[in-house]
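Welcome! Take a moment to turn the model around on your screen, and then let us walk through it together.

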Amino acid sequence: MKRFIFACFFGLTVGNAQADLKIFATVPEWGALAQEIGGSKVQVYTATTAFQDPHRIDARPSLLARARQANLLIAAGADLEIGWLPLVLRDSGNAAIQTGQPGYFAAADFVNRLEVPATVDRAHGDVHAAGNPHIHLDPRNVLKVGAALTTRMAELDAANAAAYRGGYQAFAGKWQAAMGRWQKEAAPLKGVPVLVHHASFVYLLDWLGMKEVGRLEPKPGIEPTSGHLTELLARQQSAPAKLVLRAAYQQDGPSQWMAGKAGLSAVMLPYTVGGTAEAKDLFGLFDDTVQRLLKGAR
Amino acid sequence: MQKSFAMAALLAASCGAQAASDADLAAIRAQIDDMKKTYEQRIAALEQKLVQAESRTASPAKPAPPAPVENRPSVASANAFNPEVSLILQGQYRHAKNIEGRGITGFVPGGEGLNTRGFSVDETELVLAANIDPYWRGQAIVAMADGQANIEEAWFQSLAIGQGVGLKVGRFRAGIGYLNEQHPHMWDFADAPLMYQAMFGEDASYVQDGVQLKWLAPTALFVEVGAEVGRGANFPGTDRNNNGTGGGALHVHAGDDVGVSNSWRAGASWLKTRASERTSDFVDIGGATAQGAFAGDSTTWLADFVWKWAPNGNSTHRNFKFQSEYFVREEKGGLTCVGACVDSSYKTNQSGWYAQGVYQFTPQWRAGLRYEQLDSGTRDFGANAANLVVDSYRPKKASAMVDYSWSEFSRLRLQVAQDKSMLGITDNQLTLQYVMSLGAHGAHKF
């Protein structure tokens with residue numbers, strides 16, 4: 001019996017040592033990117049799905065158990081996960097993935113963030129002091145984060161460094177080509193005025209040159225109210241929008257109401273990998289996003 | 001005269017300059033934005049080239065970083081290191097019967113009893129927390145009420161041990177059960193379950209001055225084991241000035257997801273404390289009050305279970321939470337008695353449980369029901385069996401609540417309850433409560 005227990009423990013530790021990089025990604029987009037770079041050398045666990053609001057996640061027991069075993073934690077950063085990730089980190093008993101360690105990677109640290117507030121006051125709703133955290137919907141950011149992530153993965157798992165660089169290189173080549181295609185396809189979207197449910201699309205709109213003219217949420221993180229929607233509707237006269245955008249995880253009620261009243265087209269975007277059937281990976285995410293925008297703007 | 005004319009001219013000139021510079025600024029900003037965009041594209045291309053070049057030349061032993069520089073917000077002042085500060089404002093309006101020395105029939109009271117009615121402000125909690133250095137994190141919670149400030153928690157926690165080990169040292173809420181670690185502002189009801197009041201008194205939580213060691217198993221299933229030793233000064237134990245320890249606890253919790261929409265956690269805990277001269281009132285056969293002092297061991301067993309559901313795991317709009325806990329407490333020792341009684345042995349075995357469900361049906365509204373029951377069980381006073389009254393009673397309480405949250409930082413709650421925790425008294429209670437969180441509000445546990 002004793003020998004059996006010993007064997008079990010030994011097996012566990014050896015198993016840990018042998019396994020390639022174990023990655024805990026808080027959101028699907030960075031999980032998908034890590035998979036592109038790491039290929040078969042990494043084991044990626046994604047903590048949330050495209051149908052969950054990344055701001056509001058419970059520090060579930062399963063997340064603690066997964067974080068405990070990770071070598072690398074990839075967060076979106078910029079306080080997106082402030083409501084749950086700090087707790088998961090602290091209670092995971094995993095020294096490698098604590099903030100400031102090489103095993104902690106926050107994607108937003110490697111790009112220029114938009115909407116960094118001059119003053120931080122909750123009177124403005126659930127604002128993020130470090131700027132808007134939804135950085136992945138600008139494909140140029142995906143490339144930047146990818147380069148930084150590759151370096152980090154190579155640092156943590158030197159044995160597979162060449163494979164990671166190769167993986168990134170292949171991805172980046174395809175990505176550059178796809179970016180050219182998306183930009184060409186999305187050319188008619190330039191200057192199109194849109195309403196958004198939440199400030200989830202700031203980087204997307206910035207990339208495509210679209211114009212945000214209003215938000216259905218009266219303040220970030222506060223659900224749309226009828227009063228605010230009526231106000232937005234009135235503003236349609238002076239500053240008309242063409243589309244009203246929401247992410248797959250947001251309720252369709254407010255944008256449908258707006259669309260019905262103001263004659264806009266309501267567009268549901270996958271927001272992240274897995275948000276629609278087409279958004280199977282990062283390429284699918286942008287393919288589908290551009291197609292849905294074009295269809296809505298037609 | 002001349003002076004004021006000059007002033008006016010200056011003012012006008014500066015206004016003109018202002019207007020011109022605004023337009024200029026906009027133009028400059030646009031130019032900068034353009035430049036930024038082109039640079040960003042070029043940088044991205046360069047980065048890619050760099051990685052390509054590296055992968056061609058790289059020796060795995062010395063990987064040169066492709067160097068996208070980290071771009072963290074920089075605050076240059078010393079107070080950037082200030083701890084996270086948050087403050088909880090909590091208060092209520094309560095309508096209930098006036099019962100002096102409110103308690104639970106058949107259970108030893110762990111405090112003065114909660115008999116506040118009308119408008120009142122609950123304890124105001126001040127929370128300070130920060131990473132101390134790469135190895136430790138610290139947190140202090142000070143509960144302020146009229147004329148006093150209590151250190152509710154003050155501990156430091158390990159960050160760098162690894163291997164699933166977590167160490168906490170100081171004053172902390174014991175990791176036993178489910179509700180024990182939660183502060184009142186996290187409760188789903190305006191008051192704690194009777195069970196917690198019976199176990200730990202009016203603060204409804206067991207707080208330990210000591211050391212906690214936890215270990216999280218390296219498995220896909222969440223399994224966490226914890227052990228605590230400490231002073232054991234709080235009810236059901238008493239403070240003694242001794243070397244060694246006055247109390248200890250063991251707990252194990254397991255949890256997992258079921259599909260994407262459900263998750264659960266279950267646990268079992270054991271708490272042992274020692275009491276000496278723990279005084280409480282008894283009623284003797286003649287109906288008069290007798291003062292008894294208990295000395296001995298108090299052992300509490302707890303079982304806890306939580307189940308959460310949210311469609312697709314997205315709890316923002318709709319979610320449901322079920323939680324239930326059960327306890328058994330055994331106390332063994334001697335009773336020193338003043339009044340119409342003698343010194344005797346003392347042995348009790350008592351239990352209780354609660355179950356509650358809370359449903360959030362819109363982003364702002366939640367409603368919940370709670371039912372609870374205790375059992376005063378067996379109380380054996382040995383030689384005092386003929387002297388002291390032994391109430392055998394099953395205290396019960398049913399509560400219903402509905403609450404509204406403007407945001408995750410503000411909540412207003414209405415609760416009605418029928419409280420039959422005292423023999424012969426049915427107390428219909430109404431509570432209107434607010435809970436407001438200011439500042440850097442940390443994450444809540446599952």
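Leaving aside residues up to four places away in sequence, A:Ala34 touches A:Ile23, A:Ala25, A:Val42, A:Val44, A:Ile74 and A:Leu149. A:Ala34 also belongs to the largest nonpolar core, which has 97 residues. Within that core, A:Ile23, A:Ala34, A:Leu73 and A:Ile74 are the ones that touch the most other members. In soluble globular proteins, nonpolar side chains tend to be buried together.

Which element gives the most to this core? It is helix 5 of chain A, with eight residues. The core lies between domain 1 (2–181) and domain 2 (187–297) of chain A, because both of them give residues to it. There is also a second, separate core of 26 residues, and its members include B:Phe107, B:Ile176, B:Ala198 and B:Ala204.

Now look for the sheet in chain A. Four strands make up this open sheet, in the order 2-1-3-4, and their pairing is parallel. Strand 2 (42–46) and strand 4 (104–106) of chain A form the edges, each pairing on one side only. On average, and ignoring direction, neighbouring strands of the sheet are turned by 20 degrees against each other. Strands of a sheet pair through backbone hydrogen bonds, either parallel or antiparallel. Here, strand 1 (residues 21–25) of chain A runs parallel to strand 2 of chain A, and five bridges join the two. You can find A:Ile23 opposite A:Val44 in strand 2 of chain A. Helix 5 (residues 139–156) of chain A packs on this sheet, where it touches strand 1, strand 3 (72–75) and strand 4 of chain A. The direction of helix 5 makes about 165 degrees with that of strand 3 of chain A.

Between strand 4 and helix 5 of chain A there is a loop, and A:Pro133 lies in it. Is A:Pro133 buried or exposed? A:Pro133 is buried, because 27 other C-beta atoms lie within 10 Å. Among the residues A:Pro133 touches are A:Ala76, A:Asp79, A:Leu80 and A:His128. A:Pro28 is 105 residues from A:Pro133 along the chain, and their C-alpha atoms are separated by 14 Å.

Finally, a word on confidence. The model scores ipTM 0.88 and pTM 0.85. Chain B has a mean pLDDT of 86, with 82% of its residues reaching 70 or more. Over residues 1–20 of chain B, however, the pLDDT is below 50, and this stretch has zero contacts in the model beyond near neighbours in sequence. Where pLDDT is low, the predicted coordinates should not be read in detail.

Methods: Residues are numbered from 1 along each chain as its sequence is written. Chains are lettered from A and ligands numbered from 1 in the order in which they are written. This is a predicted model: local features need pLDDT of at least 70, side-chain atom pairs count only at pLDDT 80 or more; totals for chains, interfaces and linings use all residues. Two strands pair if DSSP finds at least two bridges between them. Axes are lines fitted to C-alpha atoms, for helices over the stretch in contact, and angles run from 0 to 180 degrees between N-to-C directions. Two residues are in contact if their C-beta atoms, placed from the backbone, lie within 7 Å. A residue is buried if 20 or more other C-beta atoms lie within 10 Å of its own, exposed if 12 or fewer, and partly exposed in between; C-beta atoms are placed from the backbone. pLDDT is the predictor's confidence in each residue, from 0 to 100. A nonpolar core is a set of buried Ala, Val, Leu, Ile, Met, Phe, Trp, Tyr and Cys residues joined through C-beta atoms within 7 Å. Domain bounds come from an automatic or database domain assignment.
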